[in-house]
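Please keep the sequence and the model open while reading.

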Amino acid sequence: MMDISKSFFIIIFYILFNFVDSQKAINSDAFCQKKTITSVCDPYLFNTDSIYIYNSTTTQEDIENFIKSHLGILQMLPTTCEVPSTFKLICNQYFQTCVPVSKTDNSSTIAIPLRPCRESCDHGNDICGTQGIAPCTGTFTEPTIYKFPETSNIFDLSSLGGPSSYSLECLDINTMKAGDLNSTYVPTNETIIVDQTCVYPLVYRNSTNREDDVKKGYQYLTETSDCLLPCPVPFFTENQWYQFKDLTTVTGAISFVCIFFNIFIYGFLNKKHDRHTIGILCLSFSLWCCMLSDLIVASSPDYSLVCPEPGRFARIHDSRCVANGIIFQWGAVCTTMFWSAMAIDLYLVIKKLSPPAYTVKYFVIAIFILAILFTTVPLAWDDYGYGFGGVGCWIMSNSVQNGCFWIPMLICLLIGAVSICLIIFEIVKIFRNVGRSGISIVIANARLFGIVSFIFIEYIYLFVYHFWVQENTEKFTQNITDWVICVQTSGSADGCPLPKAVPYATQFIFLFFLRLLGIEVCIFYGINSRSKNIILESDLVNNKYFKAIRTKISSVGATSSTKNTPSTINTSSQFNSSMFSVQVSKNGDDDDL
């Protein structure tokens, strides 16, 4: 859970403390009025017989409604702040005691407000932890009248027909005395009990076991608040959130089918497995798991997978959420590692190097073991769940995310970057040594180099995106705080701008790139001459039911091969293909598994 409590209560208390800041201490329209309504502040007011009304458009009901909503928010502040002295200070700032001062001609009176003493303000700051945030110094628009005077304020009322120097002692909240002014206050040690106000879309929850609620994923605004953040957090509009979900559902389903096409060809139809087909099969299966996690997200028409209840974010106790996170994590780690293996293998092909067959076995086993390790560590720490962004469940904490995915991904990116640089270097060497005849090598591996480069660019974007979000988490948290303050103080979310976080387009591209990988791998590895040969030689095609179809495909393939025979012969005589290549030499049986 993001910790917004500290900044939240400081801002709230600052608003309460400075309610009258924009007012003038002397106003010709102000008047004194006996308190006629029942108020939650009644037990704490200095004098209910004379309330200061700032102007003719303000009513006691307006003041009461405003203070009730803010005192409801005050319940969210630290328990040290929720004491009678704080309520006395706040209430006597809203319902200020009015002191009538006779004009020099005794024709009428001038209304001036009684202000709490600076010592009382300092004490309120001390117990609420708002020192430096809600300063007790400063004056009103009249520079000689202090918001919180040390002992008294001197009013110049000559412009309104009153005395030029009228001294008014401040209100001591501790003793509830202000010079010789009359008071209706009756001492009490009770604390105001005000129902907390949770303005929509905030969610109210009266918890019986807060610690257990937090473990279940209820996101309380503060430790003492009964208000919950909505799930998902409104960084985007409801329509935009569903656009993200539709994006992952549609592109995830397409990628799922595309990747299954690869798995079907290289896993089920293929009769002879070598390091080439095993590499493609492992990469495809890893991506297929990622897309399978998207189908779990798509199984819910709304956000109930990640938001099982209003105000609750899915956690380790939610089985579907955990399954979604585990499958995605395992698939994502494997995909990243097999991509780096693909980059290394392409370099070996350009260098005409062929590793022993047993190294391929150990390499695949090592990747799977590492993927299992990086998947089980978050599970052991109960760290799978739904955070404040995205459309599915994954690892929540930045530290575990970094250790179990992003740092391994960084290592794979470095390996891939080095491999790409070495590949380019080797291609340059070939051109220098062979000349234009070396173009055939480049053309033959262009598809492989293309997929390696495309995925590298996408991974760089995902990597930069993650750490940019992580770097700005504190700012995003503050934006949530500001939004909550606006909603709670205005009584509606309509006029409050959504908390700024990741731009819509940036988030959209991030989610799209994750699903685009499956489509790319299918295009580069599933639609080529190697997959065509596997299909033609498979039992699926070589039976009496598909004989006619096979004959048709073979005739088309033979015509195409005849046209391209010269370039194919020249290419195969100059290099061996990658394990992910579309032109595998049938004579290279040294790497069979």
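The axes of helix 6 and helix 7 come within 8 Å of each other and cross at roughly 150°. Axes here are lines fitted to C-alpha atoms, for helices over the stretch in contact, and angles run from 0 to 180 degrees between N-to-C directions. Helix 6 and helix 7 are therefore roughly antiparallel (angles under 35 degrees count as roughly parallel, over 145 as roughly antiparallel, 65 to 115 as roughly perpendicular and the rest as oblique). Helix 6 passes helix 7 in a left-handed crossing, a term used if the near helix is turned anticlockwise from the far one by less than a right angle, with right-handed used if clockwise. By class, 16 nonpolar, eight polar and two charged residues make up the contact of helix 6 with helix 7. Ala, Val, Leu, Ile, Met, Phe, Trp, Tyr, Cys and Pro count as nonpolar, Asp, Glu, Lys and Arg as charged, and the others, Gly among them, as polar.

The model is predicted: local features need pLDDT of at least 70 and side-chain atom pairs count only at pLDDT 80 or more, while totals for chains, interfaces and linings use all residues. Residues are numbered from 1 along each chain as its sequence is written, and side-chain values use heavy atoms, with hydrogens and water left out. Helices (H or I, at least four residues) and strands (E, at least two) are DSSP runs, numbered from the N terminus.

Helix 6 (residues 238–269) also meets helix 14 (residues 504–526), where the axes come within 8 Å and cross at roughly 15°. That angle makes helix 6 roughly parallel to helix 14. The crossing of helix 6 with helix 14 is left-handed. Its contact residues divide into 16 nonpolar, ten polar and one charged.

Another helix pair is helix 8 with helix 12 (residues 446–471), whose axes come within 10 Å and cross at roughly 140°. Helix 8 is thus oblique to helix 12. The crossing of helix 8 and helix 12 is left-handed.

Next come the aromatic rings. The structure holds 33 aromatic pairs; rings of Phe, Tyr and Trp (its six-membered ring) pair if their centres lie within 6.5 Å, and planes under 30 degrees apart count as stacked, over 60 as edge-to-face and the rest as tilted. The rings of Y242 and Y303 have their centres 5.5 Å apart and their planes at 85°, so this pair is edge-to-face. Y242 lies in helix 6 and Y303 in the loop between helix 7 (275–298) and helix 8 (319–350), so the pair ties together parts that are 61 residues apart in sequence. Y303 is buried at a relative accessible area of 7%, and Y242 is partly exposed at 28% (buried means under 20% relative accessible area, exposed over 50%, partly exposed in between, with a 1.4 Å probe and protein chains only). Both tyrosines belong to one aromatic cluster formed by F236, W241, Y242, F244, Y303, Y504 and F508.

Helix 6 has a further ring pair. F264 and F268 are four residues apart in helix 6, which means that about one helical turn separates them. Their ring centres lie 6.1 Å apart with the planes at 35°, so the pair is tilted. F264 is partly exposed, with a relative accessible area of 32%, whereas F268 is exposed at 59%.

What of the strands? Strand 3 (residues 98–102) and strand 4 pair in the antiparallel sense over five bridges; two strands pair if DSSP finds at least two bridges between them. P113 of strand 4 is the bridge partner of C98. The hairpin of strand 3 and strand 4 has six residues between the strands, and N106 takes a positive phi near 60° there. Four of the five residues of strand 4 (residues 109–113) are buried, so strand 4 is largely enclosed by the rest of the structure.

Some backbone details remain. The peptide bond from Y200 to P201 is cis, with omega near 15°, and P201 sits in the loop between strand 6 (166–169) and strand 7 (203–204). M176 is placed in the loop between strand 6 and strand 7. Its phi is near 55°, a positive value in a residue other than glycine, and M176 is buried at 4% relative accessibility. The peptide bond from C231 to P232 is cis, with omega near -5°; P232 is in the loop between strand 8 (227–228) and helix 6. D382, in the loop between helix 9 (357–380) and strand 9 (384–385), has a positive phi of about 55° although it is not a glycine. D382 is partly exposed, with a relative accessible area of 46%.
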